[in-house]
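Biologist: I would like to learn how to read the features of a protein model. Could we take them one at a time?

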Amino acid sequence: MAGRMCFLQLFTVVLAFCFMPAKSGYWLPAHATFYGGADGSDTMGGACGYENLYNAGYGINNAALSTALFNNGLSCGQCYLITCDTSKSNMCKPGTSITVSATNFCPPNWALSSDNGGWCNPPRVHFDMSQPAWENLAIYRAGIVPVLYQQVACQRQGGLRFTINGFNYFELVLVTNIAMSGSIKSMSVKGTNTAWIPMSQNWGANWQCLAGLKGQGLSFAITSSGGQYKVFQDVVPAWWLFGQTFSTWQQFDY
């Protein structure tokens, strides 16, 4: 019995340590508000370019990031585990947390101070979450609450998706449904008749190339923000048209 009690005490200590985010140094402080309505429909689209978040693989548990986190769109697709900071607010729902995907940008409001409506003003770290996601953490009437967060690995269904937009000698490629680190560090494209061509970020999760690739099959080489390099060989057939999306079975592991 004494041995069992010792085990239970040790288990309790370990469990308590694992759930002490404010003191562990792993969790970071921020604040959170919500937008988009009770069904989250107004969170569709946004500064990452994902448009329909269900089709893109992100769903309703999403958030717009303040300037401090958005990184000019290079954070699009990343995932954050968020919990309400019960030590600072009685509006929290204790023992709850949720993982959201970064799908939009929360712009500064310079007409208001960062403590009075300008929640996304630099250097403030802020998540403007979909209302359904936010209500997992806090009481609706709170409006804004202090939170603790950490970036975590993204879990996605299926592989990456490539949407080809643009015209003539301008290809604008939207990459969605990225797992693990969730976002892109660098990207290149190769046509059937070309060498590898470096791409550059245009806006959000859209990457561009200035080349005549129409009528060629396309391959992509991507380095994730987690540092993993993968080649997506011949993922777009030569008969592709602007506006089409092509899915793959390949996915990032970290």
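Modeller: We can begin with Asn168, which counts as exposed because its relative accessibility is 57%, over the 50% cut-off. The model is a predicted one. Asn168 lies in the loop between E7 and E8, and has a positive phi of about 45 degrees although it is not a glycine.

Biologist: Where is Asn71 placed, and is Asn71 buried, partly exposed or exposed?

Modeller: Asn71 sits in the loop between helix H3 (67-70) and E3. Its relative accessible area is 43%, so Asn71 is partly exposed. Asn71 also has a positive phi, about 55 degrees, without being a glycine.

Biologist: Which residues does the cis peptide bond join?

Modeller: The bond joins Pro122 and Pro123, with omega at about 5 degrees. Pro123 belongs to the loop between E4 and strand E5 (126-130).

Biologist: How should I read the two sides of a strand?

Modeller: Side chains in a regular strand alternate between the two faces of the sheet. Take strand E3, residues 79-84: six of its six residues are buried.

Biologist: Which strands are joined to E3 by bridges?

Modeller: Strand E4, residues 97-105, runs antiparallel to E3 and is joined to it by five bridges. In this pairing Cys79 stands opposite Ser101 of E4. Strand E6, residues 145-152, is also antiparallel to E3, with six bridges between them. There, Thr83 has Leu148 of E6 as its bridge partner.

Biologist: What is the volume of the second largest pocket, and which residues line the second largest pocket?

Modeller: The volume of the second largest pocket is about 160 Å³. Among the lining residues are Tyr50, Glu51, Asn52, Arg161, Thr163, Leu174 and Thr245. The lining has three nonpolar, six polar and two charged residues. Strands E7 (161-167) and E8 (170-176) each supply at least two residues of this lining. Tyr50 is listed for the pocket and for the largest cavity.

Biologist: Which values describe the protein as a whole?

Modeller: The protein has four helices and 15 strands. Its C-alpha trace spans about 70 × 55 × 30 Å along the principal axes. Of the 254 residues, 49% are buried. The accessible surface comes to about 12,500 Å², and 58% of that belongs to carbon and sulfur atoms.

Biologist: What share of contacts between residues at least 6 apart in sequence joins residues at least 24 apart?

Modeller: That share is 68%. The pairing of Cys79 with Ser101 of E4 and that of Thr83 with Leu148 of E6 can be looked up in the structure shown.

Conventions:
Residues numbered from 1 in each chain as written. Predicted model: local features only at pLDDT ≥ 70, side-chain atom pairs only at ≥ 80, totals over all residues. Heavy atoms only, no water. 1 Å grid on protein atoms, 1.4 Å probe; cavity = no way out; pocket = protein on both sides within 12 Å on 5 of 7 lines; lining within 4 Å. Points joined across faces, edges and corners; volume = space filled by probe spheres on them. Nonpolar A, V, L, I, M, F, W, Y, C, P; charged D, E, K, R; others polar. Buried < 20%, exposed > 50% of the residue type's maximum accessible area, 1.4 Å probe, protein only. Contact = heavy atoms within 4.5 Å. Areas by Shrake-Rupley, 256 points an atom, 1.4 Å probe, with all protein chains shown as cover. Pairing = 2+ DSSP bridges.
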